[in-house]
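I opened this model to look up a few local features. My notes follow the order in which I checked them.

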Amino acid sequence: MQIRVRIPFDPVEQAINEQYQDLLIPQVKNDITQVFTEVEIKKMTPISIGVEGAQLLSSLSIQAKVKMKRKGIAFVSLLPEIEQLTFSLRVNVLTQIAITPDWKLRSQSRCLYIWEEKPSFMGGLLPMPLTSLLDPILDRQLKFVAADIDRFIQELPLLDGAKAGWEQLLQPISWEGEHVFEEGGYFSFQVKEPKISLSPIQLDGYQREINAYLSIPTQLEVATEPFEEEVPKWSLPELR
């Protein structure tokens with residue numbers, strides 16, 4: 001016998017958006033040799049969570065605002081004294097999920113991002129890249145975003161769902177069969193030992209759920225009299 005355990009992941013989406021409501025990164029200041037910069041990273045869209053193959057996919061658009069103030073008189077002298085630049089990028093967080101033998105969700109998230117346009121500024125006749133300034137800031141902060149997504153996933157109530165499914169599986173299933181014996185008969189599926197197994201996780205992007213199936217071995221019994229059904233009082237065992 002088996003039963004499905006269903007864990008919605010909407011609470012993760014709600015929690016991560018509450019954690020990062022507007023600014024992903026407040027102002028970060030860098031005093032480069034001849035240019036003083038201020039960088040601010042802002043969330044432009046809510047973080048949405050869906051399914052990509054066998055992984056959860058969290059997506060958002062963000063904007064990097066860079067304020068540059070010229071100090072020196074060398075190659076950057078062609079810069080305005082103060083310049084403000086804005087760059088947009090798309091961030092995807094891919095999350096793999098597994099279940100541990102003691103009924104905990106384990107997840108591992110990694111971030112990928114794509115610049116809509118490579119960040120740069122005109123430092124004279126040629127554009128000067130800003131990726132060396134912005135990428136370390138983004139890499140550092142997006143690791144925190146990925147870690148928070150993992151934390152919220154691991155807080156989902158898997159154990160509660162597994163216990164409810166286990167208690168339901170322990171209930172004997174009996175019914176009367178009129179055509180087995182001349183006098184009629186009775187059937188019952190009974191759980192005889194506390195063993196349980198779990199199917200691989202299945203992610204449902206339409207229902208927005210993490211699904212898995214609990215399976216338990218049962219024994220079919222047949223009798224001419226109704227069964228005296230007794231529910232075993234076993235606690236949820238660890239996964240095998």
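**Ground rules.** I worked on a predicted model, in which local features need pLDDT of at least 70, side-chain atom pairs count only at pLDDT 80 or more, and totals for chains, interfaces and linings use all residues. Residues are numbered from 1 along each chain as its sequence is written, and side-chain values use heavy atoms, with hydrogens and water left out.

**Entry 1: strand β14.** I took helices (H or I, at least four residues) and strands (E, at least two) as DSSP runs, numbered from the N terminus. I called strands paired if DSSP finds at least two bridges between them. Which strands pair with β14? I found β1 (residues 2–8) running antiparallel to β14 over seven bridges. There, arginine 4 stands opposite tyrosine 213. I also found β12 (residues 197–198), antiparallel to β14 and joined to it by two bridges. Leucine 198 has leucine 214 of β14 as its bridge partner. Then I noted β13, joined to β14 by three bridges, again antiparallel. Aspartate 204 faces glutamate 209 in that strand.

I checked burial next: buried means under 20% relative accessible area, exposed over 50%, partly exposed in between (1.4 Å probe, protein chains only). Five of the seven residues of β14 are buried, so the strand is largely enclosed by the rest of the structure.

**Entry 2: the turn at arginine 208.** I saw that β13 and β14 form a hairpin with four residues between them. Arginine 208 sits in the loop between β13 (202–204) and β14 (209–215). Its phi is positive, about 60 degrees, although it is not a glycine.

**Entry 3: salt bridges.** I counted a salt bridge when a side-chain nitrogen of Lys or Arg is within 4 Å of a carboxyl oxygen of Asp or Glu. How many salt bridges are there by this rule? I got six. Arginine 208 forms one with aspartate 10, the closest N and O atoms being 2.4 Å apart. Aspartate 10 belongs to helix α1 (residues 10–19), so this pair ties together parts that are 198 residues apart in sequence. Arginine 208 also bridges to glutamate 13, with the closest N and O atoms 2.9 Å apart. Glutamate 13 is in helix α1 too, so that pair ties together parts 195 residues apart in sequence. I logged Asp10, Glu13 and Arg208 as a linked network of salt bridges. Aspartate 10 is partly exposed at 36%, and glutamate 13 is partly exposed at 21%.

**Entry 4: around tryptophan 103.** I placed tryptophan 103 in the loop between β6 (82–99) and β7 (105–115). Buried or exposed? Tryptophan 103 counts as buried, at 5% relative accessibility. Its phi is near 65 degrees, a positive value in a residue other than glycine. Aspartate 102 and lysine 104 meet in a salt bridge (4.0 Å, N to O). Aspartate 102 is partly exposed, at 35%.

**Entry 5: aromatic pairs.** I paired rings of Phe, Tyr and Trp (its six-membered ring) if their centres lie within 6.5 Å; planes under 30 degrees apart count as stacked, over 60 as edge-to-face and the rest as tilted. My search of the whole structure found one pair. Tyrosine 113 and tryptophan 115 form it edge-to-face, 6.3 Å centre to centre, with 90 degrees between the planes. Tryptophan 115 is buried, at 10%.

**Entry 6: serine 58.** I found serine 58 in strand β5 (residues 55–70). It is buried, at 1%. Taking contact as heavy atoms within 4.5 Å, I listed its neighbours, not counting residues up to four places away in sequence: Ile47, Ser48, Ile49, Val91, Asn92, Val93 and Ile149.
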